[in-house]
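I opened my notebook to look up a few things in this structure. Here are my entries, in the order that made sense to me.

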Amino acid sequence: MDHPTVQRLPSESSELNLTPTRSDEELARLRNTERLVNPNHGRAPSRILSDRFIPSRTGSNFALFHLSPERPEDSVYSRRLRRALFPPATPENGSDSMNPPNRNIFRYQTVTRRPLHSVSLPESYDDDAEVNHFPLNASRKIPKSPYKILDAPGLQDDFHLNLVDWSKHNVLAVGLGNCVYLWNANSDGVTKLCDLGIHDTVCSVGWSRHGTRLAVGTNNGKVQIWDASCCKKVRTMKGHRLRVGALAWSSTLLSSGSRDKSIFQRDIRAQHDYVSELCGHNSEVCGLKWSYDNRQLASGGNDNRLFVWNQNSTHPMLRSSEHTAAVKAIAWSPHVHGLLASGGGTADECIRFWSTTTNSHSSLSCIDTGSSVCNLVWSKNVNELVSTHGYLQNEIIVWRYPAMSKLATLKGHTDEVLYLAISPDGQTIVTGAANEILRFWNVFPPSISQGHRDC
């Protein structure tokens, strides 16, 4: 129902005066009459309960004439927001059982005793009553068992490689030995994308932001670009002298990190194999991630160093040696601009947080996980972080940020959990272990915008 238009009444100082003039005797008689009729006349009200000109939505009796306060074109979110802010009448907030029947459609005052802090909005706006909704600050139950397990024969047992990635179109790429396989999560079909031959192996895979092209880093130092829609190789790029274990796409660039300590910035639209080289690491580059705004590239190496590079600079804006083991696990937050998480290997076992919006080269905070940190990924839907671990623990931990309290510890792998990727809808993660097993876990709740638009 549309809100009534409120017109501003003229003030006492306004030139417009609609009240007829009265004599002093008439005004005195009116005041005496008012005192007899209304004994509370002239007393200041103890509190203001309503606006006399605007009917209360919650107190009005729409059901009297079979009217609905909700418009049919209202979104599901609007209906749920209205229910949270304006709950149905109960004995606590003024129900019909506590008051005599009212034959008026509109009511102009309602005393609501529900405290404001009790109002909570569900994270999902699905109108299905069977769906479990998770309040923002409440604990939720995370399934402790994977819903799917796949064999991955040929998945290499190497901490420094990145052999699993999930595309925007819900296709999982996995490097197995000298081949790359694609698993379609929608159809459950498996496709063999490429075979590098007996003299080469796959060391890294990475989907483009649009999810149509896949980059494949090889043991002989080359980077291949494949069109996954037709399983056709588009290009082969050279430059590295040793294996390419890390790949990261921005909107226009493909970054590749190698055991030769270098990072190449490649523009697949350009004729040259690379447009710039980033030097700074003293050992193999094993971690690479572009920020969500494509302005900063984070790199981690086997030299225990973490660098952050600006898009058009060959000198790092952030240099850190706070980790005491290899830095492969790197993840940018999709929720806080410039927030970066990094994890160290066996001799470090820590997750550190960094802000690239300040000039500080020190970490914001640090948490000791008790095990080597192999991978990190932020949830797209809630402010939570997943870490995978090795060194005898072989587990997955779900953390709530910024408190970094454990929401769940997922066990099932019997070897180091070396590989990690997240589904495009942000609800599922896949983990790969050194024993050639992939496990799929439902970890995160749906996005609050699910059902209205894609993430």
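**Entry 1: aromatic rings**

I started with W166, which is buried, as its relative accessible area is 9%. A reminder to myself: this is a predicted model. Next I looked up F440 and found that residue buried too, with a relative accessible area of 0%.

How many aromatic pairs does the count come to? I got eight aromatic pairs. One of them joins W166 and F440: the ring centres are 6.0 Å apart and the planes stand at 85°, so I noted the pair as edge-to-face. W166 belongs to strand β2 (residues 164–166) and F440 to strand β28 (residues 437–442), so this pair ties together parts that are 274 residues apart in sequence. I also saw that ring pairs link Y147, W166, W183 and F440 into a cluster.

Then I turned to F353 and Y401, an aromatic pair that is tilted, with 5.0 Å from centre to centre and 45° between the planes. I placed F353 in strand β20 (residues 350–355) and Y401 in the loop between β24 and β25; the pair links distant parts of the chain, 48 residues apart. Both F353 and Y401 are buried.

**Entry 2: charges over rings**

I looked for charged groups over rings and wrote down two cases. The charged end of R319 sits over the ring of F307, 5.7 Å from the centre of that ring. K328 lies over the face of F159, and there I read 5.6 Å from the ring centre.

**Entry 3: a sheet of four strands**

Back to β24 and β25, this time for their sheet. I found an open sheet of four strands in the order β22-β23-β24-β25, and the pairing is antiparallel. Which strands stand at the edges? They are β22 (373–378) and β25 (405–411); each has a single partner strand, so one side of each is left without a neighbour in the sheet. On average, neighbouring strands of this sheet are turned by 20° against each other, direction ignored.

Going through the pairs, I saw that β23 (residues 384–389) and β24 (residues 395–400) pair in the antiparallel sense over five bridges. L385 has W399 in β24 as its bridge partner. Between β24 and β25 I noted six bridges, again in the antiparallel sense. Here I396 has L410 in β25 as its bridge partner. β24 and β25 form a hairpin with four residues between them, and M404 in the turn has a positive phi of about 55°.

**Entry 4: two loop residues**

Is T369 buried or exposed? I put T369 in the loop between β21 (365–368) and β22, and at 8% relative accessibility T369 counts as buried. A polar atom of the T369 side chain lies 2.8 Å from the backbone oxygen of E349. For the backbone oxygen of S371 I also read 2.8 Å to a polar atom of the T369 side chain. Not counting residues up to four places away in sequence, T369 touches E349, I351, H389 and W399.

My last stop was P153, in the loop between β1 (148–151) and β2. P153 counts as exposed, at 55% relative accessibility. Leaving aside its neighbours within four places in sequence, I found P153 in contact with L176 and E436. P153 and L176 are 23 residues apart in sequence, and I noted 6.6 Å between their C-alpha atoms.

Terms used:
Residues numbered from 1 in each chain as written. Predicted model: local features only at pLDDT ≥ 70, side-chain atom pairs only at ≥ 80, totals over all residues. Heavy atoms only, no water. Pairing = 2+ DSSP bridges. Axes fitted to C-alpha atoms, helices over the stretch in contact; angles between N-to-C directions. Phe/Tyr/Trp six-rings, centres within 6.5 Å; stacked < 30°, edge-to-face > 60°. Buried < 20%, exposed > 50% of the residue type's maximum accessible area, 1.4 Å probe, protein only. Lys NZ or Arg CZ within 6 Å of the ring centre and 35° of its normal. Contact = heavy atoms within 4.5 Å. Polar contact = N/O pair within 3.5 Å; in protein donor to acceptor, adjacent residues only side chain to side chain.
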